[in-house]
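Me: Hi! Could you walk me through this structure? I'd like to go piece by piece.
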Amino acid sequence: MKRIILWGAWYGSENIGDQALLLSITDLLGGEIEKVEFIVITDNPSNLLAYTARASAHTFLPLYTRKQFFEIIKVFIKADMFIFGGGVPFYDDTFHSIVIVVFVTLSMIFSVPCVLWSVSSQRIKSTFTRLVLRYLMSYASVVTYRDGHTRQLLRECGWDDASQQMAADSAFTLRSNDGQHARELLQRAGWNSGISRPLVALTPRTLRGSDGEAHTHYSPKSSSDSHKEVDVFAAVLDWLWENGCQPIFVPMNTVAPDDDRLAFHEIIGKAKFGSFALLVDEQIYPRDAANVYSYCEAAFVARVHGAVMAFLGRCPVLMYAFDLKHGGIMEQMGFARHIFDPAMDAPEVAIEMMENMLRSRVELIAQIEKKAGELQKQAKVPLEAVLRLLHR
């Protein structure tokens, strides 16, 4: 029996992206290791158990980061590996950085190999946080990163090991359910196959720095940033309706404070034709998300894993790129030309980009088909390194 500890800071969240990361990483490992137990350190053990019980056949032991310290020490004593990351585990937060120090120190004390699995990062300004990352790099057996800006950050922290590798996001390998549940979700939202208007998905994100936890997900945004997101999505919604499409909001999270539906209500209040938009007004599970996007002609998203799920659903995607991680994932998918930069671009630019995307949809789907196999292979780079370490 192999015992593998995983920590990515957000594996217990209600967010589709964080859930997809854990499910895909454990799918990959469980498919190669005959007997394995996953110990997941999280701030939300109950939700983690709920979604893994529904969506995975593997054995999970969740431990509460803040309340089960002695149990965490015990599992490090017997662990075969500590896997760090997936998603965006690096950002400026003192408590978060201290947690990283504790986990790395436990790994060192008990000689547990440490692996960074396709990590990404926010902008890091704190000297303390940079020292912590340097400490982590000094011990890690394997380092894989998701995008170029993270590689640059690690270099700035004093790490420039030639053995490092870029790896695709693990969610590119996520197995989907059959499409029936997704179809039912869309029907409950008001869609039916007899409607002549083609669906176009809108996946905004509520950009409010006042939510308190915003810095853990992205660089804090001002009120004007939030208003611009609403204005841009409203302009695209109106253009879609006026040009024969059916806008439908597809949330990646439906739990406050990170509830995408909050942005939806602001957008439909701003848009001239907001009342005609549909909303998937319920939680979507990770293994159904790609199927939801597969019914859409295109997608305009402000979430990294909204883009990933659209890609998996063979749905061309336009990214509202308000932070570094958005550009990174679009470049990885070969969609760098479809990045809307809210710091520079006006709503009219988003409309023009959406119009061009719909016009070239057939060519873009062919591009996705060609790129999908490559990304799945790149997503397995950390897996290959893990298996080499476990079989030494």
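Reply: Happy to! Strand S5 (residues 114-121) and strand S6 (residues 142-145) pair in the parallel sense, over 3 bridges; two strands pair if DSSP finds at least two bridges between them. Within this pair, Val 115 stands opposite Val 142 in S6. This is a predicted model, where local features need pLDDT of at least 70, side-chain atom pairs count only at pLDDT 80 or more, and totals for chains, interfaces and linings use all residues. Residues are numbered from 1 along each chain as its sequence is written, and side-chain values use heavy atoms, with hydrogens and water left out.

Me: Which sheet has the order S3-S2-S1-S4-S5-S6-S7?
Reply: That is an open sheet of 7 strands with parallel pairing. Strand S3 (59-64) and strand S7 (165-166) stand at its edges with a single partner strand each, so one side of each has no neighbour in the sheet.

Me: How many helices and strands does the protein have?
Reply: The protein has 15 helices and 13 strands. Helices (H or I, at least four residues) and strands (E, at least two) are DSSP runs, numbered from the N terminus.

Me: Back to S5. Where does Ser 118 lie, and is it buried or exposed?
Reply: Ser 118 lies in strand S5 and counts as buried, at 2% relative accessibility. Buried means under 20% relative accessible area, exposed over 50%, and partly exposed in between (1.4 Å probe, protein chains only). Ser 118 also has a positive phi of about 45°, although it is not a glycine.

Me: And what about Ser 111?
Reply: Ser 111 is not a glycine either, yet its phi is positive, about 55°. Ser 111 is in the loop between helix H4 (94-109) and S5, and it counts as exposed at 60% relative accessibility.

Me: New topic: which way do the residues of S9 point?
Reply: In strand S9 (residues 246-249), Gln 246 and Ile 248 point one way while Pro 247 and Phe 249 point the other way, and all are buried. In a regular strand the side chains alternate between the two faces of the sheet.

Me: Which strands pair with S9?
Reply: Strand S8 (residues 199-203) pairs with S9 in the parallel sense over 4 bridges, and Leu 202 stands opposite Phe 249 in S9. Strand S10 (residues 278-279) is also parallel to S9, over 2 bridges, with Ile 248 opposite Leu 278 in S10. From S9 the chain crosses through helix H9 (residues 260-270) to S10, and this β-α-β crossover is right-handed: with the strands pointing away from the viewer, the path from the first strand over the helix to the second runs clockwise.

Me: What joins Ala 256 and Pro 257?
Reply: A cis peptide bond, with omega about 5°. Pro 257 is in the loop between S9 and H9.

Me: Ok, what lines the second largest pocket?
Reply: Its lining has 17 residues, and Ala 321, Phe 322, Asp 341, Pro 342 and Ala 343 lie nearest its centre. Helix H8 (223-242) and helix H12 (324-333) are the elements that give two or more residues to this lining. A pocket here is an open set of points on a 1 Å grid over the protein atoms alone where a 1.4 Å probe fits, with protein on both sides within 12 Å along at least five of seven lines; lining residues have an atom within 4 Å of a point.

Me: Last one: how much of the protein is buried?
Reply: Buried residues make up 58% of the 392 residues.
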